[in-house]
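Student: Please pick one part of this model and go through it closely. I would like the pairing details, with the cut-offs stated.

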Amino acid sequence: MAASLSFATLFAAFPSSSNPSPRRLHSWNSTRSAGTVSATMNQKTDTPSWVKVAEGHGGLHKVCVSSVHGSEAEIYLFGACVTSWKPSNGKDLLFVRPDAVFDGKKPISGGIPHCFPQFGPGVLQQHGFARNMEWSLLDSDNNGGEPVVTLELKDGLYSRSMWDFGFQALYKVKLSAKGLSTALTIKNTDKKPFSFTTALHTYFRASISGVSVKGLKGCKTLNKDPDPVNPVESTEERDVVTFPGFVDCVYLDAPDELQLENGLGDTITIRNTNWPDAVLWNPHKQMEASYRDFVCVENAQIGKVQLESGKSWVAEQHISSS
Ligand code: TA6
């Protein structure tokens with residue numbers, strides 16, 4: 001049976017130079033012990049086993065979910081960044097770069113960072129500000145032992161200083177035995193229209209010499225190597241894309257399913273609804289310490305979405321392993 005929690009709001013202010021709004025942790029009855037904030041369903045101590053808010057690296061809050069199947073995931077409220085996804089076999093299929101910082105100022109480099117309201121390059125900071133702001137945990141549900149959490153981001157002084165629009169972003173994350181699904185909803189809460197681009201910049205754990213991506217043959221490509229501002233247009237001719245060197249390429253009108261072999265023995269299926277484009281990135285020698293260990297396969301919306309007042313845009317990503 002699905003059990004919903006309705007959350008009281010807990011405000012916790014932390015200093016942050018880049019995100020001056022207070023860290024708003026929508027929570028329920030919250031108790032802190034040994035660095036952990038436990039979710040309780042009511043005044044008693046009956047902690048649901050499927051969702052916990054804990055203190056992560058740098059004292060940032062992370063939402064930890066686990067399913068009846070034994071799968072697990074972690075989502076930092078800073079950036080609504082899924083930093084860990086372990087299907088039931090316990091292998092973490094996401095990758096966080098060794099140079100990632102968890103200081104609540106810079107975006108977390110790894111997992112599934114958001115690019116919103118700009119993929120880039122463009123007038124805003126690279127990949128936009130959503131990955132650089134504190135999201136709120138709005139809701140949690142347990143659908144037959146498979147947890148679902150919803151995070152929310154709204155405009156505030158920080159976002160308005162760069163992009164003067166009212167918006168609400170909702171990010172629903174569902175965990176099943178073998179999969180992790182996300183639904184991103186962008187709502188225009190302003191009186192005037194706005195446009196945006198966006199992406200889920202997913203870092204998959206990999207052994208780069210064994211990585212391949214299938215499904216992109218025939219797509220129009222915008223190759224950002226060597227100049228990201230003036231990408232070279234072409235068409236992907238390969239059935240299987242590999243990563244022998246630096247890769248930074250946008251694929252327009254990509255299919256709704258890609259297959260990733262991560263070189264570590266896992267086949268990961270990446271399905272989507274309404275993410276029209278894809279991006280492949282591996283920095284090769286630009287990141288000598290880590291490039292062998294990950295590949296970014298990103299669902300993206302490269303063309304601008306024009307959103308009228310009161311309207312919403314929704315896109316889903318489903319990643320699953322076999
Ligand atoms: O998505 C690919 C890309 O835009 C590359 O052009 C490169 O700039 C990379 O992302 C940077 O990612 P990061 O996570 O370091 O912001």
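Tutor: Gly70 has a positive phi near 95 degrees in the hairpin of β7 and β8, where five residues separate the strands. This is a predicted model, in which local features need pLDDT of at least 70 and side-chain atom pairs count only at pLDDT 80 or more, while totals for chains, interfaces and linings use all residues. Residues are numbered from 1 along each chain as its sequence is written.

The strands β7 and β8 (residues 72-76) are antiparallel and joined over five bridges; strands are DSSP runs of E, at least two residues, numbered from the N terminus, and two of them pair if DSSP finds at least two bridges between them. Within this pairing, Lys62 has Tyr76 in β8 as its bridge partner.

β7 (residues 61-66) also pairs with β6 (residues 51-55), again antiparallel and over five bridges. Here Glu55 is opposite His61 in β7. The hairpin of β6 and β7 has five residues between its strands, and Gly58 there adopts a positive phi near 65 degrees.

Next, the core. The largest nonpolar core has 76 residues, and those touching the most other members include Ile75 and Phe204. Such a core is a set of buried Ala, Val, Leu, Ile, Met, Phe, Trp, Tyr and Cys residues joined through C-beta atoms within 7 Å; buried requires 20 or more other C-beta atoms within 10 Å, with C-beta atoms placed from the backbone. Beyond its neighbours within four places in sequence, Phe204 contacts (C-beta atoms within 7 Å) Leu93, Leu94, Phe95, Leu260, Asn262, Ile268, Phe294, Val295 and Val297.

Definitions and conventions. Buried ≥ 20, exposed ≤ 12 C-beta atoms within 10 Å, placed from the backbone. Contact = placed C-beta atoms within 7 Å. Helix = DSSP H or I, 4+ residues; strand = E, 2+ residues; numbered from the N terminus.
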